Amino acid sequence: MIEKSLSDRITRFAIVFGLTLILVYGLLPWLTGSFDILNRMSLALDENGINPSRYYYTDVEQVIESEQYLRIVLDGK
Amino acid sequence: MAQDKNAIVDHGQSKWSDLWKKEDYLAIWLGFAIIAVSVIAYFNFGPKAEFAEKIEAANQIQMAESAKAPFKTINWYKAQDDKGKLNASGSAFGKFVSHWTKTPGSWKTNPMDAFVRTAEQAKALDEKGMPKYEKAKAANDAALSLALSAEQAAAGASFKDNALNDEAVAKISDWRSAHKASGDAKKKIGNKPYNYIPSLIGLCIFIALIFGIGVKLMGENMLAFIKGFFIVFMVAVLAYLLGSQAISKQYGLGAEAWAILMGMIIANTLGTPKWVLPSCKVEFFIKTGLVLLGAEVLFNKIIAIGVPGIFVAWVVTPIVLVCTYIFGQKVLKMPSRTLNIVIAADMSVCGTSAAIATAAACRAKKEELTLAIGLSLVFTSIMMIVMPAFIKAVGMPEILGGAWMGGTIDATGAVAAAGAFLGDKALYVAATIKMIQNVMIGVTAFCVALYWAMKVEREAGRSVGAMEIWNRFPKFVLGFLAVSISFSILDGILGKDMGTALLDHGVVRGGTRLMRDWFFALSFAAIGLSTNFRELAKYFKGGKPLILYVCGQSFNLILTLIMAYIMFYMVFPEITAKI
């Protein structure tokens, strides 16, 4: 296989990386701004300080709040 | 079974020297060392005695209030709030660890905000959040005043007038909602200036050294590892930076997704330099991270919402997992069993964390883990937006909707997001169901590792002895389980309040979780840097992984909804009424 030149590789990197950034930081904000449901969700997340990208329960503060709420309401009286 | 160089491997005969030469054991020792330092620091030098005193005082108040009134009074809640404020990670050690393990912060328009925040910027953020906080605080004060009046009226009738008692309960409930809103608004005004660049440099050197020693013990070149590690670390930092942007987070694209994506973009355009590849210790990072994750897998959590939660999270989940695996093997004829089980686990249990644990337990290939996580991220983003909208549109009750989302959406953060969008009660139920499901990853990893050692890797027609199972079994899973069981016992001994203050808000959130987060981010960066697009595409051939995910998730959606309805509305309606 013929090794591509450094300038070729840098160009390819810049194009792919640039397209990715445009997709995420251009298209997604446009989607959020264009659709009411997405916009409302964005505001709700900001207001509640929720990060949907966190995957485990200890990473999400709202889990412990929920657990404590349920512990209180389900406990006895 | 022929072993691939990409697979997570620890095979052959067991020797004593394995204990200090093999990756699995080294991951266990490294994880144990970090846990031991955190436990010793928080238990011996932390404010344990002070916490015990405060918890006892709060318990006394709560007991007296419980004896006085037939409902939870204002003072009862205030005592509960006092216990909730106890946070061991606020100690000197906690602050030190938190400072040196910081990840780049949130930003909206300027990426530099992730690394540096000046005093002026912090002040401006505080000023921006202040009007909302003041409004929320005023609402809280007003609600408290009404609650006090209602409680006094009920007390005036010696708590024997049911109408007055009900009125007091309603007013106290309103005050709690206002109190929560005020607390959330307060978080927006506690902004502090920071500069994370020195701590990131320090952390990079520290992690390079601890893993470098491990690499040296494995008989490899430590200097070669350290040299390339800086690139892996840089990719992880870049991933944290891109993943902490507000819009990126909204769609569930966090540091882990960006680490894989950035690594793959670099590997497939610029080409990962050969001197970086020895530092792509994917399995070493993952296994150590998993041992640390064991501290967060507390079995006591499964009773958090009573029997309905256990049925939704611990009965449906294994049924879906096993059925999806069998469907993949018998109907779809998936060529890779490991890809089949990793997708089944990440879809049915809890997304990324379950995928990591299962992939390591069954020695899946890096490309398979990447594919499973990619599918999970895409469907999580869709489901977290579509499910609450659908639930609202059909008028489904909040609690049923919350249980349904908690049992089906993969990532916990996305579950909380979808729950919050639906309403407070949906959030409470969804997040708690997800937490119970999260705990299942320990059992899943163990069962998968055992099944693979006993059945999948067995030669046809040959029985497998105990020694052979031991040789094949991924040992780090035992470290993971040992930590999980030890912490579950410790949490039980400490009790709920001390366990939360010292273990959850100390050892875990102020120690092991911070390192675990970095180790997983590093492993994803390493996966990306050593993954070829063409290799990855091979695993997607025929779209079978996508079909498996869609079919499995559809089954999961149906079964979880049925189970949630039966449990919360037919068998235990009294629990639903209390929520």
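**Figure 1. Thr412(B) in helix H18 of chain B.** In this predicted model, Thr412(B) belongs to helix H18 of chain B, which covers residues 412-422. Thr412(B) has 30 other C-beta atoms within 10 Å and is therefore buried, the cut-off for a buried residue being 20 or more. Setting aside residues up to four places away in sequence, Thr412(B) touches residues of both chains. From chain A these are Arg54(A), Tyr55(A), Tyr56(A), Tyr57(A), Asp59(A), Val60(A) and Val63(A). From chain B they are Cys350(B), Lys434(B) and Asn438(B).

**Figure 2. The contact between chain B and chain A.** Chain B contributes 54 residues to this contact and chain A contributes 42 residues. On the chain B side that touches chain A, the residues comprise 27 nonpolar, 18 polar and nine charged.

**Figure 3. Chain A as a whole.** Chain A has three helices and zero strands, and its elements follow the order α-α-α from the N terminus. Its radius of gyration is 22 Å, well over the 11 Å given by the globule rule for 77 residues, so chain A is more spread out than a compact globule. The C-alpha trace of chain A spans about 75 × 35 × 15 Å along its principal axes. Buried residues account for 26% of the 77 residues of chain A.

**Figure 4. Chain B as a whole.** Chain B contains 26 helices and two strands. Its radius of gyration is 25 Å, which agrees with the value near 25 Å for a compact globule of 579 residues. Along the principal axes, the C-alpha atoms of chain B fill a box of roughly 80 × 55 × 45 Å. Of the 579 residues in chain B, 51% are buried. Among contacts in chain B with a separation of 6 or more, 81% join residues 24 or more positions apart.

**Figure 5. Packing of helices H9 and H23 in chain B.** Two packed helices are described by the angle between their axes and the distance between the axes. For helix H9 (residues 222-243) and helix H23 (residues 496-529) of chain B, the angle is about 110 degrees and the axes are 8 Å apart. H9(B) is therefore roughly perpendicular to H23(B), because angles of 65 to 115 degrees fall in that class. H9(B) makes the contact with Val232(B), Phe233(B), Val235(B), Ala236(B), Ala239(B) and Tyr240(B). H23(B) makes it with Ala521(B), Leu522(B), Ala525(B), Ala526(B) and Leu529(B). The residues of this contact are 11 nonpolar, no polar and no charged.

**Figure 6. Met222(B) in helix H9.** Met222(B) is part of helix H9 of chain B. Met222(B) has 18 other C-beta atoms within 10 Å and is partly exposed. Apart from neighbours within four places in sequence, its contacts are Gly212(B), Val215(B) and Lys216(B). Gly212(B) is 10 residues away from Met222(B) along the chain, and their C-alpha atoms are separated by 5.1 Å.

**Figure 7. Nonpolar cores.** The largest nonpolar core has 174 residues. Those with the most contacts inside this core are Val232(B), Ala236(B), Ala239(B), Ala259(B), Ala418(B), Ala521(B) and Ala525(B). H23(B) gives the most to this core, with 17 residues. Another core lies apart from it and has 15 residues, including Ala143(B), Leu144(B), Val169(B) and Ala181(B). Ala418(B), one of the residues with the most contacts inside the largest core, is in contact with Met384(B), Met387(B), Pro388(B), Met405(B), Ile409(B) and Ala430(B), leaving aside its neighbours within four places in sequence.

**Figure 8. Ser158(B) and Phe159(B) between helices H6 and H7.** Ser158(B) is in the loop between helix H6 (119-156) and helix H7 (162-186) of chain B. Phe159(B) is found in the loop between H6 and H7 as well. Phi is positive for Ser158(B), near 55 degrees, though Ser158(B) is a residue other than glycine. Phe159(B), not a glycine either, has a positive phi of about 60 degrees. Ser158(B) is exposed, with 9 other C-beta atoms within 10 Å. Phe159(B) has 17 C-beta neighbours inside 10 Å and counts as partly exposed.

Methods:
Residues numbered from 1 in each chain as written. Chains lettered and ligands numbered in written order. Predicted model: local features only at pLDDT ≥ 70, side-chain atom pairs only at ≥ 80, totals over all residues. Contact = placed C-beta atoms within 7 Å. Nonpolar A, V, L, I, M, F, W, Y, C, P; charged D, E, K, R; others polar. Helix = DSSP H or I, 4+ residues; strand = E, 2+ residues; numbered from the N terminus. Rg over C-alpha atoms; globule rule 2.2 N^0.38 Å. Buried ≥ 20, exposed ≤ 12 C-beta atoms within 10 Å, placed from the backbone. Axes fitted to C-alpha atoms, helices over the stretch in contact; angles between N-to-C directions. Parallel < 35°, antiparallel > 145°, perpendicular 65-115°, else oblique. Core = buried A, V, L, I, M, F, W, Y, C linked by C-beta atoms within 7 Å.
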